[in-house]
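Thanks for making time for this one. I would like to walk you through a few side-chain arrangements, so please keep the structure in view while I talk.

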Amino acid sequence: MRNYKDFISIVFDKKQVHIPSEDKKNITESYDFLKSFAQNKIIYGVNTGFGPMAQYRIAEEDQLQLQYNLIRSHSAGSGDYFDEETVRAAILCRLNSLSLGKSGVHIEAIQLMCDLLNHQITPLIFKHGGVGASGDLVQLAHLALVLIGEGEVFYQGKRRPTADVFAQVGLKPLQIHLREGLSLMNGTSVMTGLAGVNLHYAHKLLLWAVKFSTAINELVQSYDDHFSAELNNAKQHNGQKEIANLMRTFLTDSKRTRKRADHLYTGEHQETVFKEKVQEYYSLRCVPQILGAVYDTIAHTQRIVEEELNSANDNPIIDVPSQQVYHGGNFHGDYISLEMDKLKIVITRITMLAERQLNYLLNPKINELLPPFVNAGKLGFNFGMQGVQFTATSTTAENQTLSNPMYVHSIPNNNDNQDIVSMGTNAATLTHKVINNAFEVLAIEAITIAQAIDILGCYDELSATTRAWYDLLRQQVPFLKDDKVMYPYLEKTKTMLRAAQVQS
């Protein structure tokens with residue numbers, strides 16, 4: 001597994017995992033070298049304590065038990081637990097990193113992680129516990145705890161003791177050989193795995209945001225020059241050009257967008273106050289500029305995540321070619337922490353754009369086209385989308401608060417051994433929450449756009465792109481004339497947006 005596409009196929013599509021023969025060779029050589037090299041040397045985590053206790057030599061007869069002590073003592077997470085796709089991602093990142101042959105672990109540890117993925121056994125890993133400095137110590141301890149046959153897992157929809165599930169499927173717990181306890185825990189795999197999951201949904205959110213933005217431009221019969229190639233190529237940002245091109249592609253067959261030259265460049269307008277709107281509001285007109293920045297940020301974040309998931313983020317690093325062991329801080333999560341802060345900011349920006357577009361559709365004083373709250377019933381008696389706007393506004397506000405950075409919130413701990421930490425796991429976890437919130441806001445926007453389409457009766461004039469997602473939505477949510485309980489429709493739409501195979 002060397003690229004993001006492979007990551008997606010294993011985490012979400014449950015593709016089977018195996019260890020390539022070349023990796024097996026590297027893993028075995030690394031383990032054999034470290035076992036021999038450490039005989040008469042001081043190697044952190046082999047014959048020393050951990051963290052600030054590294055000054056204490058560990059007797060040879062205690063060295064394997066030391067690894068078990070580390071795993072058990074750090075299985076100290078709390079709060080909510082991660083979902084299956086996040087845990088699968090974390091396991092995949094850990095086994096991929098250890099497969100590089102830079103950690104000196106026995107191949108049995110890596111094979112057992114492959115077995116967890118292939119049997120769809122999900123370790124219980126809690127969200128609270130990681131500071132992202134010596135990697136995801138606490139969260140990865142819960143993974144290691146399962147590998148030694150202890151702790152709990154989710155299997156076939158039930159939370160069960162690991163030992164029972166291993167016995168059922170025929171797996172044997174890992175027997176520590178050298179330093180597997182530390183190597184399993186000492187890395188950025190939870191934050192990186194969750195970052196990869198976040199990216200998967202960020203791509204979906206961005207494409208939905210473009211589709212909804214183009215649909216609103218259709219509804220109000222916008223001029224097409226604000227997403228033209230000529231205008232957007234005048235700026236050098238790739239993301240802006242890509243979003244504008246996507247809008248043009250989506251609207252190729254729309255019968256509702258207008259040419260400015262046909263309406264405002266004819267010389268026929270002599271009035272002092274123009275009846276036709278000269279330019280749209282920013283939330284319609286500036287979509288390439290706003291979502292272009294989001295596009296570029298997601299692209300950069302994906303590159304960093306790919307680099308991290310293919311990195312050796314252990315300590316120490318075993319280098320067989322030079323026959324040396326190098327101590328350092330490859331477990332530090334700064335890269336992921338910073339990227340997750342950036343990602344949640346741009347996802348919040350998507351949410352803010354959707355909320356403003358929603359307000360545009362609901363306010364007749366602004367759109368001058370639709371009834372208040374796209375209310376298809378009796379004004380004053382029915383409420384239309386008035387209630388759900390409160391939810392969209394509230395959720396957007398929460399995202400704005402959650403988008404304050406974690407990267408700058410280092411708190412020293414571990415007897416000041418970890419005196420500056422990344423908080424990368426927290427950053428990725430908060431980003432996950434922001435993404436989930438964004439789907440809620442876009443679900444409300446989608447239902448509102450569909451309501452507006454029916455009120456205007458313009459289905460046949462819409463682009464094929466808009467009609468396609470409108471039809472998909474209408475399988476979940478009917479046209480709303482009378483007031484209905486809305487939360488089931490919101491949940492169905494949110495699930496649809498998250499699950500749909502969004503095609504450009």
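This is a predicted model: local features need pLDDT of at least 70, side-chain atom pairs count only at pLDDT 80 or more; totals for chains, interfaces and linings use all residues.

**Aromatic pairs and their surroundings**

Taking the whole structure, a search finds 10 aromatic pairs. One of these is formed by Tyr4 and Phe7, a stacked pair with 5.6 Å from centre to centre and 15 degrees between the planes. These two residues sit three apart in helix α1 (residues 4–11), so about one helical turn separates Tyr4 from Phe7. Tyr4 counts as buried at 6% relative accessibility, and Phe7 is buried with a relative accessible area of 0%. Coming back to Trp208 and Phe212, their ring centres are 5.5 Å apart and their planes meet at 25 degrees, so that pair is stacked too.

There is also an aromatic cluster, made up of Phe12, Tyr201 and Phe439. Within it, Tyr201 has Arg498 lying over its face, at 4.3 Å from the ring centre, while elsewhere Lys41 lies over the face of Phe37, at 4.2 Å from the ring centre.

Finally, how exposed is Met352? This residue, found in helix α15 (residues 334–362), has 26% relative accessibility and therefore counts as partly exposed. Leaving aside residues up to four places away in sequence, Met352 touches Thr396 and Gln400.

Notes: Residues are numbered from 1 along each chain as its sequence is written. Side-chain values use heavy atoms; hydrogens and water are left out. Helices (H or I, at least four residues) and strands (E, at least two) are DSSP runs, numbered from the N terminus. Buried means under 20% relative accessible area, exposed over 50%, partly exposed in between (1.4 Å probe, protein chains only). Contact means heavy atoms within 4.5 Å. Rings of Phe, Tyr and Trp (its six-membered ring) pair if their centres lie within 6.5 Å; planes under 30 degrees apart count as stacked, over 60 as edge-to-face and the rest as tilted. A charge sits over a ring if NZ of Lys or CZ of Arg is within 6 Å of the ring centre and within 35 degrees of the ring normal.
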